[in-house]
Structures are given as C-alpha cells and as structure tokens.
Amino acid sequence: MATGHAPGNPIPAVRKDPPVEHPVVVIGPQYLAQYPVELAVSTKLWTLGENDFKVSDINGTLIFQVKSKKLSLHDRRFLKDAAGNTLVNLRQKIRTMHRRWEAFRGESKEEKDLLFTAKKSKLFQFKTDLDVFLANNKGDVPDFKVKGGYRESSCSVLLGDSNTMLAQMHRRHTLASTILATDSFGVTVYPNVDYAFIAALVVILDEINADRSGED
C-alpha cells in the first residue's frame, strides 16, 4: 500500500482566520489570553423570575456567573466573576425598535460607565444578528457584529464589518441536558480577545432569543 500523497494530489488546506491585529479590550485587559479560550456555558431553560448562567473553562472551573433581576421597566443581568464581583450589568431598553441592550461597568447605571450597546441588525429577521457599538462610537458602523443567531448550530462574533473572527459559539444537545431542562453551548474565544466581553454578548443573545414574541 502506498503511503503519503502522490505527486499532483492536493493536500487539504488549513483554515487560517485573519488574526486580530490589536488586542480587543472592552471589559478589561485581565480577560485577554495569548491562546484560544474554550468556555462552556450552561443555563436553565426555564426558571421563575431568574435565569442564571454558569461559564466554565474546559476543566469545569467556574470563570463567570450570571444573575438576573426582572424589573418592571428593565430586565437586568449581572455578569460576575467567580468570586461574585460584578463586572458588568446589562439593561434592556424596553421602548426601542431593535431590542437595544446597554452594558455598564460594575453595577453602575451612569452614562459615563457605559461600555457598549447591542441591538438587532434588522427589525425583522429570522436569525438574531447583532450590531455592537462601543460607548464612544457615535457613528452608524458597528465595532462588532454577531452573525447567525445562536439558536442555530453556531454563530460568530466578527470585528466590525470585516471577516476577522473574534469568537465562535456552538450549541450542544445531549440527553442529559434535555432531561435536566438545561441548555449548554461551547464558546471559542480567539487569542487577544476580551473573553468577559464575549460572555456578556452571549448573555444578550440568550435574552433576545428567549423572548417568545419574536416580533421585535
């Protein structure tokens, strides 16, 4: 039996995504890694008034946790580190056309502590594509995009309007998750990308997709 590749037979190419030229820091530089970060996100599919997440690494070590509060005018989610310190709180602006969410540092509601906003790219869309704007971006071109609603098999976080990949999310369907009424998916965060920021985007995606109306 011949081994190796015969002359002239092509060898499958290795996929090479454009590397991030500059570190992507939104929540903090302490959440940058020089290697791809693999995170596992799990959440209950149905809870009363609260929807808590756990974000772990590949060894099962808790990295982030998410707590939620349902208020009359705002839904708020709190992204906390493993020790319970609030890194960012996420608030939905109810009376907006595109399901707009705002992210503030810590537990602040002050405009000076706004980190970023995220909204659905289009008013009516089958997939939940998001446009993400940093607080100092007053223009129409988003700093980041989320492509492909995470209820599909996967979705990607891209840098602006480029093809530079920052993170990918993959849903996991197992018998155990069905029996326990949990939802889980994996997130691969590329090197030099703020993985706390990516975790916050996952929270917003989950909240938008959990909305039963699907019309806004």
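Me: Does K112 count as exposed or buried, and why?

Reply: This is a predicted model, in which local features need pLDDT of at least 70 and side-chain atom pairs count only at pLDDT 80 or more, while totals for chains, interfaces and linings use all residues. Residues are numbered from 1 along each chain as its sequence is written, and side-chain values use heavy atoms, with hydrogens and water left out. As a general idea, a residue is called buried under 20% relative accessible area, exposed over 50%, and partly exposed in between, using a 1.4 Å probe and protein chains only. K112 counts as exposed because its relative accessibility is 69%.

Me: Which residue forms a salt bridge with K112?

Reply: The general idea is that side chains of opposite charge can pair when their charged atoms come close. A salt bridge is counted when a side-chain nitrogen of Lys or Arg is within 4 Å of a carboxyl oxygen of Asp or Glu. Here K112 forms a salt bridge with D113, and their closest N and O atoms are 3.3 Å apart. D113 counts as buried, because its relative accessibility is 18%.

Me: How many salt bridges does a search of the whole structure find?

Reply: The search finds two. Besides the pair of K112 and D113, K145 forms a salt bridge with D131, with the closest N and O atoms 2.7 Å apart. K145 lies in strand β9 (residues 144-147) and D131 in strand β8 (residues 130-134), so this pair ties together parts that are 14 residues apart in sequence. Both K145 and D131 are buried.

Me: In which sense do β8 and β9 pair?

Reply: Two strands are said to pair if DSSP finds at least two bridges between them. β8 and β9 pair in the antiparallel sense over three bridges, with V132 standing opposite F144 in β9. Strand β7 (residues 114-120) also pairs with β8 in the antiparallel sense, over five bridges, and there K120 stands opposite L130 in β8. Four of the five residues of β8 are buried, so β8 is largely enclosed by the rest of the structure.

Me: How many residues of strand β5 are buried?

Reply: In general, the side chains in a regular strand alternate between the two faces of the sheet. Strand β5 (residues 86-93) is mostly covered, with seven of its eight residues buried. Strand β4 (residues 75-81) pairs with β5 in the antiparallel sense over five bridges, and R77 stands opposite L90 in β5. In the hairpin of β4 and β5, four residues lie between the strands, and G84 takes a positive phi near 95 degrees. β5 also pairs with strand β6 (residues 100-105) in the antiparallel sense over six bridges, where R100 in β6 is the bridge partner of K93.

Me: What is the nearest side chain of opposite charge to R76?

Reply: R76 lies in strand β4, and it is buried yet has no salt bridge, the nearest side chain of opposite charge being E107, 5.8 Å away. A polar contact is a pair of N or O atoms within 3.5 Å, where within protein one must be able to donate a hydrogen and the other to accept it, and residues adjacent in sequence count only if both atoms are side-chain atoms. The side chain of R76 makes such a contact with the side chain of N89, at 3.1 Å.

Me: Which residues have the most contacts inside the largest nonpolar core?

Reply: In soluble globular proteins, nonpolar side chains tend to be buried together. A nonpolar core is a set of buried Ala, Val, Leu, Ile, Met, Phe, Trp, Tyr and Cys residues joined through side-chain atoms within 4.5 Å. The largest one here has 50 residues, and those with the most contacts inside it are I27 and F116. Helix α2 (residues 195-210) gives the most to this core, with twelve residues.

Notes
Helices (H or I, at least four residues) and strands (E, at least two) are DSSP runs, numbered from the N terminus. Lys and Arg count as positive and Asp and Glu as negative; His and the chain ends are not counted.
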